[in-house]
Amino acid sequence: MLSTKGIVLSQADGRPMYLQIMEQIRQRIAVGDWPGGQPLPSIRQLAIDLGISVITIKRAYFELEREGVIVTQHGKGSVVADGADVGARIHEQDFAKHLEQVVRIGALLGLTPKEIQARLREALERLTAAAKERT
Amino acid sequence: MNDVALTLDGVGKHYKFFDLDDVRLELPHGHIMGFIGPNGAGKSTTIRILMGLVHQDRGEVTVLGHRMPDQQAAAKWDIGFASEDMRLYDAASLDWHMRFIRSIFPSWDQPYAQLLLKRFDLKPEQHIKGLSHGQRTKAALLLVLARRPRLLILDEPTTGLDPVARHEILRELTDVMSDDRRSILFSSHNTQDVEQISDQITFIDRGRIIDSRDKESFMDRWRRIRVELPSGVQLPALSGVIDIKQSGRLAVATTNAFDGVLPRAYEAAGVRVQAVETMTLEEIFVENVQHSREGAHA
């Protein structure tokens, strides 16, 4: 049985509850706590465990299914998607999302594509240098 | 018909200073409906009509397959009702009340009642007279929950409770949903509670249903769009935008009919979209009431 104990929703987090649930399930799969092929708690069970509405869990599962993170078999419930690359894929999606944000905020600041590239390179160099110093 | 816990169809009731007008509602089994609206909007009147305590002037009301108010005696075996003005006998103990309800309702679940005593931190031997407001509210809910009715109708079940007690009540209500043939309708001013546990949200104001749909779609239609206007660019009037607050080149538009098209329409008009924000039920509540009142005065 997969444990849902650590799934905690935050009221101070401005995002809708279904997004918070999706993120916490994705994290569990990404770190390997919820391995591929394992059955997820039923929608009703997770709703009761978290003390929130059934429809919110339904939406979270529906969106996770669309992302390919879980697989739902009609009448049988949902399982974690199989394949070694699920964790990697989640990190990849996360990475792509953050990159998009960097570009968007850069554009908002009026930076040109060249300038955004340069800033990314700088950040990369700074982090690699810091890592070297530690070792 | 059997997969519906309750329906109201074209229900109206006239009072000297208030009209409930053409109320249509449907609650499928296995769902929790949060019923919200400002003071005096008609929540309690609607709930009283559902319970057969007030008779509608027109319209059809069906609860658990029984027509109300005519068949209310049959319906009430399976309805658990709790409201703020519910009176328990001051001179009797909670235990006395529990034995009394148990003697009437064969569905009474004694082990569950014992569990609720513990969870709600209530002492059965204590007399009602000595209980605080919050303890009375919890006692009344215990007496209703332990009957395990198929339909719970609760008028303001969490009002006046401390955060721990409120949390316990919400837990019990979601726990009821482990049986998908049971249903709950509850009214509340606590939008956080409603947002947390409702599958359906119904919004009423001045005797009319403003909106009633599943919670995810309800919340999804509302967005705040923060925009920046480059000099010389005017904010275009777009349909679905119900409020605009602007100072200088920054503006915030609120919509109750959001789709992906809206931000793109702004950008097509030369407006820079800075952020699209979701809203809490509390914020939606306030916007909704203000908007519907402005519409009425226009």
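This is a predicted model: local features need pLDDT of at least 70, side-chain atom pairs count only at pLDDT 80 or more; totals for chains, interfaces and linings use all residues.
What share of the 135 residues in chain A is buried? Buried residues make up 24% of them.

**Stop 1: chain A as a whole**

Select chain A and colour by secondary structure. Chain A has five helices and two strands, and along the sequence they follow the pattern α-α-α-β-β-α-α. The radius of gyration of chain A is 19 Å, well over the 14 Å that the globule rule gives for 135 residues, so chain A is more spread out than a compact globule. Along the principal axes, the C-alpha atoms of chain A fill a box of roughly 50 × 35 × 25 Å. Of the contacts in chain A between residues at least 6 apart in sequence, 58% join residues at least 24 apart.

**Stop 2: the two domains of chain A**

Colour residues 17-80 of chain A as domain 1 and residues 86-134 as domain 2. Taken over C-alpha atoms, the centres of these two domains of chain A are separated by 29 Å. Where they touch, six residues of domain 1 of chain A are in contact with four residues of domain 2 of chain A. The domain 1 side of that contact divides into three nonpolar residues, two polar and one charged.

**Stop 3: helix 1 of chain A**

Select residues 17-30 of chain A, which form helix 1. At 1.5 Å a residue, its 14 residues should span 20 Å; the end C-alpha atoms are 20 Å apart, which agrees. The expected span is 1.5 Å times one less than the number of residues.

Now show side chains for the buried residues of helix 1 of chain A: A:Met17, A:Tyr18, A:Ile21, A:Met22, A:Ile25, A:Arg26, A:Arg28 and A:Ile29. What do the buried residues of helix 1 of chain A pack against? Within chain A, the partners are helix 3 (54-67), strand 2 (77-80) and helix 4 (86-108). Helix 8 (215-220) of chain B is a partner as well.

Pick A:Arg26, which is in helix 1 of chain A. A:Arg26 has 22 C-beta neighbours inside 10 Å and therefore counts as buried, the cut-off being 20 or more. Leaving aside neighbours within four places in sequence, A:Arg26 is in contact with A:Val69 and A:Ile90. For a distance check, draw a line from the C-alpha atom of A:Arg26 to that of A:Pro16, ten residues apart along the chain: the separation is 16 Å.

Just after helix 1 of chain A, stop at A:Gly32, which takes a positive phi of about 90°.

**Stop 4: the contact between the chains**

Select the residues where chains A and B touch. The contact takes 18 residues from chain B and 14 residues from chain A. On the chain B side, the elements that give two or more residues are helix 6 (163-176), helix 7 (191-197), helix 8 and strand 14 (272-278). Helix 6 of chain B gives the largest share, four residues. The chain B side divides into five nonpolar residues, six polar and seven charged.

**Stop 5: the largest nonpolar core**

The largest nonpolar core has 93 residues; A:Ala47, B:Leu50, B:Val63 and B:Ile153 touch the most other members. Helix 5 (residues 133-145) of chain B gives the largest share of this core, seven residues.

Centre the view on A:Ala47. Not counting residues up to four places away in sequence, A:Ala47 touches A:Ile52, A:Ser53, A:Val54 and A:Ile57 in chain A, together with B:Thr174 and B:Met177 in chain B.

**Stop 6: chain B and its backbone exceptions**

Chain B is divided into domain 1 (4-214) and domain 2 (223-278). The C-alpha centres of these two domains of chain B lie 41 Å apart.

Most residues other than glycine have a negative phi, and most peptide bonds are trans.

- B:Leu64 is not a glycine, yet has a positive phi of about 50°. B:Leu64 is found in the loop between strand 4 (58-63) and strand 5 of chain B, and with 21 C-beta neighbours inside 10 Å it counts as buried.
- B:Pro69 lies in the loop between strand 5 (66-68) and helix 2 (72-75) of chain B. The peptide bond from B:Met68 to B:Pro69 is cis, with omega near 5°.
- B:Arg206 has a positive phi, near 45°. B:Arg206 is found in the loop between strand 9 (200-205) and strand 10 (208-214) of chain B, and is partly exposed, with 18 other C-beta atoms within 10 Å.

Methods
Residues are numbered from 1 along each chain as its sequence is written. Chains are lettered from A and ligands numbered from 1 in the order in which they are written. A residue is buried if 20 or more other C-beta atoms lie within 10 Å of its own, exposed if 12 or fewer, and partly exposed in between; C-beta atoms are placed from the backbone. Two residues are in contact if their C-beta atoms, placed from the backbone, lie within 7 Å. Ala, Val, Leu, Ile, Met, Phe, Trp, Tyr, Cys and Pro count as nonpolar, Asp, Glu, Lys and Arg as charged, and the others, Gly among them, as polar. Domain bounds come from an automatic or database domain assignment. The radius of gyration is taken over C-alpha atoms; the globule rule is 2.2 Å times the number of residues to the power 0.38. A nonpolar core is a set of buried Ala, Val, Leu, Ile, Met, Phe, Trp, Tyr and Cys residues joined through C-beta atoms within 7 Å.
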